[in-house]
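Dear colleague,

I am handing over the structure we spoke about, and below it you will find my notes on what was found in it. Please read them alongside the coordinates.

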Amino acid sequence: MRIILFGSPGVGKGTQAKIISKNLNIPHISTGDILRKAVKEQTELGRKAGEIMSRGELVPDDLMIALIKEVLASDECKKGFILDGFPRTTVQAEALDKLFSQIGINDAVLINITADENEIIKRLNNRRACKQCGNIYVLKDIEGMKTCPNCGAENSFYLRNDDKEEVIKNRLEVFKSTTMPVLDYYKSKGRVIEVNGLDTIENVNKEIIEALKAKNLYH
Ligand code: ADP
Ligand code: ZN
């Protein structure tokens, strides 16, 4: 099963991807997480990407395409995967299609999680990430907590650089102008499932699973 999770920053892609990854036992490939790890470890990719990310802009296509090629070639991706954060431009979408046809993949489906922009801005302002494991939390859920419920790290919650208010606006602009066209690209191929992201985590997950089952893709 190959799934591409699509949607605006803050719509809950990462949260849903983690759940589906467990449900279907396929790896969750988050380009954002991979990049943040590279920044933390100051690898060559990290040095190139760090500043771009903190401005809320997109890392160049050639770097991202090379990265995804390497990841998808790994053994753990052979049985399937969930892509979260890629493709984010039509150039990336075309490169991914080419890669898929080279490795004989023709069952990829894009799940579009939708949400109202005002709600998204509120959510991004109110979320915190764990420095250690990258998990995302709603501020009020972790108030007074000292350790991360996911990895146990102490005092590890922080506001991601790109979740700061001035950067959020830019990310949403980039999403509308550069990433939204990716959706039309997939729609023209008829491989899109639409899901409403303005519901509880459990209900959004249910909706995704029902939609996959309806297309006979849940196995
Ligand atoms: P979001 O909450 O916006 O979905 P992500 O964690 O997916 O955040 O990505 C964070 C940042 O990493 C993006 O704003 C961008 O700078 C960079 N990035 C991630 N994936 C890509 C990609 N496919 N192409 C270009 N840049 C990317
Ligand atoms: Zn953690």
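Does Cys130 count as buried or exposed, and at what relative accessibility? At 2% relative accessibility, Cys130 counts as buried, since the cut-off for that word is under 20%. Please keep in mind throughout that this is a predicted model.

I begin with the metal site, to which Cys130 belongs. The zinc ion (ligand 2) is coordinated by the SG atoms of Cys130, Cys133, Cys148 and Cys151, at 2.3 Å. Along the chain, these donors follow the spacing C-x2-C-x14-C-x2-C. Cys130 lies in strand β5 (residues 127-130), whereas Cys151 lies in the loop between α7 (139-142) and β7 (157-158), so the pair ties together parts that are 21 residues apart in sequence. For reference, the ideal angle for four tetrahedral donors at a metal is 109.5 degrees.

The other site is that of ligand 1. There are 20 residues around ligand 1, and those that come nearest are Thr31, Arg36, Glu57, Gly85 and Arg171. With regard to polar contacts, a polar side-chain atom of Thr31 lies 2.8 Å from a nitrogen atom of ligand 1, and a polar side-chain atom of Arg88 lies 3.0 Å from a nitrogen atom of the ligand. Glu57 takes part through its backbone, with an N or O atom that lies 2.5 Å from an oxygen atom of ligand 1. On its own, ligand 1 has 550 Å² of accessible area, of which the protein covers 96%. The residues of the shell around ligand 1 divide into eight charged, seven nonpolar and five polar, and helix α2 (residues 31-40) gives the most to this shell, with four residues.

Strand β2 holds Ser30, which counts as buried because its relative accessibility is 7%. The side chain of Ser30 reaches the backbone nitrogen of Asp33 at 3.0 Å.

The loop between α1 (13-24) and β2 (28-30) contains Ile26, and Asn25 has its place in that loop as well. With 5% relative accessibility, Ile26 counts as buried, whereas Asn25, at 53%, counts as exposed. Asn25 also has a phi near 55 degrees, a positive value in a residue other than glycine. For a sense of distance, the C-alpha atoms of Ile26 and Gly144 are separated by 34 Å, the two residues being 118 apart along the chain.

Two further backbone features may deserve a look when you go through the model. A cis peptide bond, with omega at about 0 degrees, joins Phe86 and Pro87, and Pro87 is placed in the loop between β3 (81-84) and α5 (90-102). In the segment after α9 (201-214) one finds Asn216, whose phi is positive, at about 60 degrees, although Asn216 is not a glycine. Asn216 counts as exposed, because its relative accessibility is 62%.

With kind regards

Key:
Residues numbered from 1 in each chain as written. Chains lettered and ligands numbered in written order. Predicted model: local features only at pLDDT ≥ 70, side-chain atom pairs only at ≥ 80, totals over all residues. Heavy atoms only, no water. Near = heavy atom within 4 Å. Polar contact = N/O pair within 3.5 Å; in protein donor to acceptor, adjacent residues only side chain to side chain. Areas by Shrake-Rupley, 256 points an atom, 1.4 Å probe, with all protein chains shown as cover. Helix = DSSP H or I, 4+ residues; strand = E, 2+ residues; numbered from the N terminus. Nonpolar A, V, L, I, M, F, W, Y, C, P; charged D, E, K, R; others polar. Donors = N, O, S within 2.8 Å, 3.2 Å for Na, K, Ca; no water. Buried < 20%, exposed > 50% of the residue type's maximum accessible area, 1.4 Å probe, protein only.
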